[in-house]
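Dear colleague,

Please find the structure below, handed over for your study.

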Amino acid sequence: MAASAEEEKQYRASWKRLALFSVLFVLLTAAGFYAIYDHFSGRSLTFDFRLFAPEVLSAAVLLLLVYFAADGLRLYYTLRALGYRIPKKAMAKLVFINIFFSNITPMATGGGFAQVWFLHEHGVPIGRATAATTIRTVLAIFFIFSLTPVFLLTLEPLQDKAIIGEIGTALAVFIVLYLLFFAVVLLRAHWLIVPLSYLCKAVHKLQLISAERHLRWQYKTRREMLRFSRSFSVYCRGSKAAIALSVLFTFIFLLSLFSFPALLMWGLGYDVDYLVSLGLLVVTTFIMYFAPTPGASGISEGVFGSFFSDILASNHLLLVTFSWRFLTIYLGMLLGLFILQRYLVQSAKVQGVQ
């Protein structure tokens, strides 16, 4: 009974934190849109019904299907290379649960924790689930970090941006630190056991966890890190077809993600330079990786508005920014919240029957 009461307390605390992050997400998002309205769009806004033209809506739905499907398949085939097969229906749910959590928690990569939890619920050990989500993230980072310096140096719309001077100075440092971190995680994960052990001790000394839980965390940390250390070599020795498909669907996912602004501008009648639009989104996404706000809220809107302010008419800038975020983030978040609630209710019913 005591354990049940403790779990109930933790459950309520988790939902309170989630509610707090949700409010923070909404406030920061509103601040980002206001910054665009006040600083980049000349306080002008026009709703253009051309975005509801049948050909535009059809293209948007098709691109969304590719975007969501590729997002799920890139993790699905990473798991296949690691020797695990997750039902496609469960993977579809995971796509939207991940979008919800990754945008409601601090840092743009926060959804990985939700994915590990969900995969563990479906029989994947925590170490392997962590390895799969990390490898999936590294593949995306490889594409984005490789292309960002190229676009920063070659895209004309970026040359007059003051923010680029700051990014250019820090770019090499960010890339080196990120790649070094993931190199350690993937190739020498056992090196992290000692720092994590000290972290557990510090948490225990602060009396945030009991002595029993401290010992349990120490054991689980060592066990899962050793499992994780072996997982990357297992991935490399896995099915070559699965590895190739995990890379291919990562590329398709990113290409579809970066194509939404071009689609919206085409729908509004602009003569779209697709490469410029794609390059601006690559750099925007790169900046979002380092944003400390939930899902890069506020920062992503502000950066997007700054980058596209010279391409879009002032009355279209806020409209395109909102439409881009709605299609790639808000829609997925709403579906993710709905799916998560249904999943938790169904899980509670199953546990109640047992």
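A residue counts as buried when its relative accessible area is under 20%, as exposed when it is over 50%, and as partly exposed in between, with a 1.4 Å probe and protein chains only. By that rule Phe 118 is buried, because its relative accessibility is 1%, whereas Trp 117 is partly exposed at 31%.

Please note that this is a predicted model, in which local features need pLDDT of at least 70 and side-chain atom pairs count only at pLDDT 80 or more, while totals for chains, interfaces and linings use all residues. Residues are numbered from 1 along each chain as its sequence is written, and side-chain values use heavy atoms, leaving out hydrogens and water.

Aromatic pairs

A pair of aromatic rings is described by the distance of the centres and the angle of the planes. Rings of Phe, Tyr and Trp (its six-membered ring) pair if their centres lie within 6.5 Å; planes under 30 degrees apart are stacked, over 60 edge-to-face, and the rest tilted. The count by this rule is 24 aromatic pairs. In one of them, Phe 25 and Tyr 330, the centres are 6.2 Å apart and the planes stand at 85 degrees, so the pair is edge-to-face. Phe 25 belongs to helix α1 (residues 2-40) and Tyr 330 to helix α12 (residues 314-353), so their pair ties together parts 305 residues apart in sequence. Helices here are DSSP runs (H or I, at least four residues), numbered from the N terminus. Phe 25 is buried at 7% relative accessibility, and Tyr 330 is buried at 12%.

Helices α9 and α10

How do α9 (residues 240-267) and α10 (residues 274-288) pack, and at what angle? Their angle is about 125 degrees and their axes are 9 Å apart, where axes are lines fitted to C-alpha atoms over the stretch in contact and angles run from 0 to 180 degrees between N-to-C directions. The two helices are therefore oblique to each other; angles under 35 degrees count as roughly parallel, over 145 as roughly antiparallel, 65 to 115 as roughly perpendicular, and the rest as oblique. Among the residues that meet are Leu 255 and Phe 258 in α9, and Tyr 274 and Leu 278 in α10, contact meaning heavy atoms within 4.5 Å.

Ile 243

Ile 243 also lies in α9 and is buried at 17% relative accessibility. Ile 243 touches Ala 81, Tyr 235, Cys 236 and Gly 238, not counting residues up to four places away in sequence.
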